[in-house]
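Please open the model in your viewer and keep the sequence panel at hand.

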Amino acid sequence: MHITEAVQRLGSESAFEVLARARALEARGVEVVHLEIGEPDFPTPPHVVAAGVAALEAGDTHYGSPQGSPALRRAIAEDLGRRAGLNVDPEQVVVTPGAKPVMFFTILAFAGPGDEVLYPSPGFPIYESLIRYVGATPVALPLYEARDFRFDYAELRRLVGPRTRLIILNSPHNPTGGVLTAADLDLVAELAVRHDCAVLSDEIYRQIVYGATHESVLTRPGMAERTVVLDGFSKAYAMTGWRLGYGIFPPALVPHVVRLAINSYSCVPGFVQQAGLAALRGPQDAMAAMVDEFRARRALLVEGLRCVPGLRCRWPQGAFYAFPNVTGSGLDDRTFADELLGTHGVATLAGSSFGAHGAGHVRISFANSPASLGKALGRIGAAMAALRARAEAR
Ligand SMILES: Cc1ncc(COP(=O)(O)O)c(C=O)c1O
């Protein structure tokens with residue numbers, strides 16, 4: 001049996017591996033606090049569930065349009081049009097099973113051998129995995145702690161060149177909680193237009209911000225014909241398991257993306273799309289309450305982390321992750337995360353699993369109860385004290 005080299009180049013998401021290790025510990029009776037999770041710990045709002053169930057009962061259980069239902073695409077276009085002040089045609093919207101296929105299709109459509117793709121480092125690990133899969137050259141765009149996990153302008157100017165086909169942005173950002181500023185987006189747009197490259201703007205956490213304002217690069221001059229907006233229902237509506245996302249594509253790309261859908265999954269289940277329609281058109285109070293709760297937990301977690309001697313932690317501006325610097329422990333981030341899980345029963349993700357520039361940090365999700373966060377803080381404090389004493393004794 002021969003397995004292609006391309007498939008063997010695919011990477012993975014360490015969140016799934018850490019979850020498996022934590023579950024194995026739990027099976028042996030160890031109590032683990034789960035801070036590795038990348039999904040809201042809230043239920044899908046009841047009116048959204050009810051819409052999905054009603055659609056199932058009404059027989060919406062057959063093949064549908066590969067591009068997505070016209071009603072949902074209209075609602076998505078109106079939503080984006082309203083908040084970004086843009087005129088978005090529902091024909092530019094492609095509904096996908098979760099948002100991940102938007103990443104896959106965009107990278108497949110724009111990059112191949114000999115092409116360069118810029119991606120944030122640290123960043124969602126699937127970007128780099130897919131760039132390598134298509135045979136393109138991944139070019140890391142470092143995000144700096146000292147700049148609240150944003151890029152350096154001179155460095156971005158240096159990295160974008162004649163071989164750049166695509167620039168990937170993610171704001172609010174996983175794993176750091178960083179949010180790009182208006183000036184950051186201006187520069188990306190200026191460079192994308194000048195070098196005639198596309199931008200994939202991953203905005204899946206856009207509703208989850210704490211004082212910062214989320215803006216889309218799509219609004220910048222010259223960007224409508226070169227921007228793909230990746231978005232979806234997983235995070236804002238606590239719908240990770242429904243698998244419902246979408247992309248807003250430049251018109252010229254849509255027929256290709258629809259063919260990719262036909263070649264891979266045919267269509268998104270109709271009842272899932274009905275649930276999505278209810279999420280967009282219905283009351284938004286469940287989302288607002290969830291973001292308020294995340295804001296309170298962020299305060300609890302970040303203030304707690306900042307009190308631990310040897311830890312440094314910036315305030316995340318969005319999403320539900322803190323990304324403390326753990327170099328004061330004397331360990332590298334992978335060893336630190338292993339020690340935290342194995343010895344202290346706290347599951348986090350090593351920063352370097354999000355790329356080389358994540359080294360020295362761990363990602364801590366605050367999608368967990370205040371009681372669990374409090375317990376985790378106590379254990380992290382104890383772990384740091386023990387590690388620092390060990391380092392001093394050496
Ligand atoms: C930055 C980012 N983009 C995209 C996704 C994928 O979302 P979905 O579950 O809708 O495929 C995630 C999920 O964790 C994410 O963190």
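Select Ala 238, which lies in the loop between E7 and strand E8 (245-248); helices (H or I, at least four residues) and strands (E, at least two) are DSSP runs, numbered from the N terminus. Although Ala 238 is not a glycine, its phi is positive, at about 50°. Ala 238 has a relative accessible area of 11% and is therefore buried (buried means under 20% relative accessible area, exposed over 50%, partly exposed in between, with a 1.4 Å probe and protein chains only).

Before moving on, please note that this is a predicted model, in which local features need pLDDT of at least 70 and side-chain atom pairs count only at pLDDT 80 or more, whereas totals for chains, interfaces and linings use all residues. Residues are numbered from 1 along each chain as its sequence is written, and side-chain values use heavy atoms, with hydrogens and water left out.

Next, select Phe 149, in the loop between E4 and H7. Phe 149 is not a glycine either, yet it has a positive phi of about 60°. Its relative accessible area is 6%, so Phe 149 is buried.

## Second stop: around Asp 152

Stay in that loop, between strand E4 (137-142) and helix H7 (153-159), and select Asp 152. Neighbours within four places in sequence aside, Asp 152 is in contact with Pro 142, Tyr 144 and Arg 147, where contact means heavy atoms within 4.5 Å. A distance drawn from Asp 152 to Gly 135, C-alpha to C-alpha, gives 27 Å for a separation of 17 residues in sequence.

Now select Arg 147 together with Tyr 153: Arg 147 lies over the ring face, 5.4 Å from the ring centre. The criterion is that NZ of Lys or CZ of Arg is within 6 Å of the ring centre and within 35 degrees of the ring normal.

Select Ser 121 and Pro 122, which are joined by a cis peptide bond with omega near 0°. Pro 122 is in the loop between strand E3 (116-121) and H6. Then select Ser 171 and Pro 172, where the peptide bond is cis with omega about -10°. Pro 172 is found in the loop between strand E5 (164-170) and helix H8 (182-194).

The whole structure contains 14 aromatic pairs. Rings of Phe, Tyr and Trp (its six-membered ring) pair if their centres lie within 6.5 Å; planes under 30 degrees apart count as stacked, over 60 as edge-to-face and the rest as tilted.

Select Phe 104 and Tyr 133, an edge-to-face pair at 5.8 Å centre to centre with 80° between the planes. Because Phe 104 belongs to helix H5 (residues 100-110) and Tyr 133 to helix H6 (residues 125-133), the pair ties together parts that are 29 residues apart in sequence. Phe 104 is partly exposed at 30% relative accessibility, and Tyr 133 is partly exposed at 23%.

Continue to Tyr 210 and Phe 366, a tilted pair at 6.3 Å centre to centre, with 50° between the planes. This pair links distant parts of the chain, 156 residues apart: Tyr 210 is in the loop between strand E6 (198-202) and strand E7 (227-232), and Phe 366 is in the loop between strand E12 (362-365) and helix H13 (370-393). Tyr 210 is buried at 7% relative accessible area, and Phe 366 is buried at 0%.

The contact takes 38 residues from domain 1 and 37 residues from domain 2. About 3,200 Å² is buried between the domains, and carbon and sulfur atoms give 59% of that area (buried area is the accessible area, with a 1.4 Å probe, that two parts lose on being put together, summed over both).

Which residues have the most contacts inside the largest nonpolar core? They are Ile 168, Phe 233, Leu 305 and Phe 320, in a core of 91 residues. A nonpolar core is a set of buried Ala, Val, Leu, Ile, Met, Phe, Trp, Tyr and Cys residues joined through side-chain atoms within 4.5 Å. A second, separate core has 20 residues, including Leu 187, Ala 189, Cys 197 and Met 223.
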